[in-house]
Structures are given as structure tokens and as C-alpha cells.
Amino acid sequence: MKSIIITGASRGIGYETALLLAQDYDYIAICCSKDTKKLGELKDKIQALGKSCLAMVGDVADYEFAQKMVNKVINDAGEKSTLVTNAAISQVGLFRDTTPDSWQHIMNVNVNSVYNFCHASLPFMINKKAGQIINIS
């Protein structure tokens, strides 16, 4: 079963990417950090296309969440063909007003999440000698 994971899928580029790629994949796994309503709407649209869809809410900066999501896709779909790391955040305001904690949070979501999902996915892709990773920045 051809499967895909798309992070940051509750709005914007992630949302539209999931809808577009749902035409080509059998199993679409989507996630976001908070917006369960928008993620649920997207899941409903994907399922209306006759596709299987897993929707998870969690922190992409958490390695355990990435592992859990990738493993769930492998268990449900039997493989993982493609990964799209799209999740990102920003801070509005002056850089000088950025605190070390807010900077670390931005880096965790925008950079560490890419590591988390790629690191969790690669063993399966290497084993299958196939797969694609698309990192959106």
C-alpha cells in the first residue's frame, strides 16, 4: 500500500499538499500540533476520496511522537513510501525580543522535527530500498 506522512497538515501548504497527494496515495497520515478541527476536516476530505487516513495531534519536536506516528503507519499500511516534513512555526516581533526559550521552541519545531521524522522513517526506507523525503522549509 502506497503511504505518505505529511507533518503540519492542518493548514496552508501542508493541508493543500495532503489533498493533492491523496489522489496518488492509498494511505495518508497527517498531523498537527493543535488544530484538531481543521485536521479532522482534512481527514474527512481525504476519506471522501476513498483513501485511508490517519490523523494525529502531537508535538513534532518530540522524538517519541515521530516514532509513534511512523510505526503506526508501518503497522497500518505495511510500508511508508514518502515523508513530507512541512511543520513549522514563526514568531512575530523583533529578534531582540526573542527569548532563549522561544528560540529553542522555534528550532525544535522547525529543525528537530525534520530530524525526528527522517530518523524514524529511514530504517524502513533503507530496508525497502525505496522511498522519498521532501523537506519543506
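Predicted model: local features only at pLDDT ≥ 70, side-chain atom pairs only at ≥ 80, totals over all residues.
View 1. Helix 1 gives the largest share of the lining of the largest pocket, contributing 3 residues, and both helix 1 and helix 4 (100-128) supply at least two residues each. The space in this pocket comes to about 540 Å³, and of the 22 residues that line it, those closest to its centre are Gly8, Arg11, Ser33, Ala88 and Ile89. By residue type, the lining of the largest pocket divides into 10 polar, 8 nonpolar and 4 charged residues.

**View 2. Surroundings of Ser10.** Ser10 belongs to the loop that lies between strand 1 (3-6) and helix 1 (12-21). With a relative accessible area of 8%, Ser10 counts as buried, and, when neighbours within four places in sequence are left aside, Ser10 is in contact with Tyr15, Cys31, Cys32, Asp35, Lys38 and Leu39.

View 3. Five strands form an open sheet in the order 3-2-1-4-5, and their pairing is parallel. Strand 3 (52-57) and strand 5 (132-135) stand at the edges, and because each has a single partner strand, one side of each is left without a neighbour in the sheet. On average, and with direction ignored, neighbouring strands of this sheet are turned by 10 degrees against each other.

**View 4. Strands 2 and 3 with the helices that lie across them.** Strand 2 (residues 27-32) runs parallel to strand 3 and is joined to it by 6 bridges, with Tyr27 standing opposite Ser52 in strand 3. Helix 2 (residues 36-48) lies across strand 2 and strand 3, at about 175 degrees to strand 3, whereas helix 3 (residues 63-77) lies across strand 1, strand 2 and strand 3, at about 165 degrees to strand 2.

Note on methods
Residues numbered from 1 in each chain as written. Heavy atoms only, no water. Helix = DSSP H or I, 4+ residues; strand = E, 2+ residues; numbered from the N terminus. Buried < 20%, exposed > 50% of the residue type's maximum accessible area, 1.4 Å probe, protein only. Contact = heavy atoms within 4.5 Å. 1 Å grid on protein atoms, 1.4 Å probe; cavity = no way out; pocket = protein on both sides within 12 Å on 5 of 7 lines; lining within 4 Å. Points joined across faces, edges and corners; volume = space filled by probe spheres on them. Nonpolar A, V, L, I, M, F, W, Y, C, P; charged D, E, K, R; others polar. Pairing = 2+ DSSP bridges. Axes fitted to C-alpha atoms, helices over the stretch in contact; angles between N-to-C directions.
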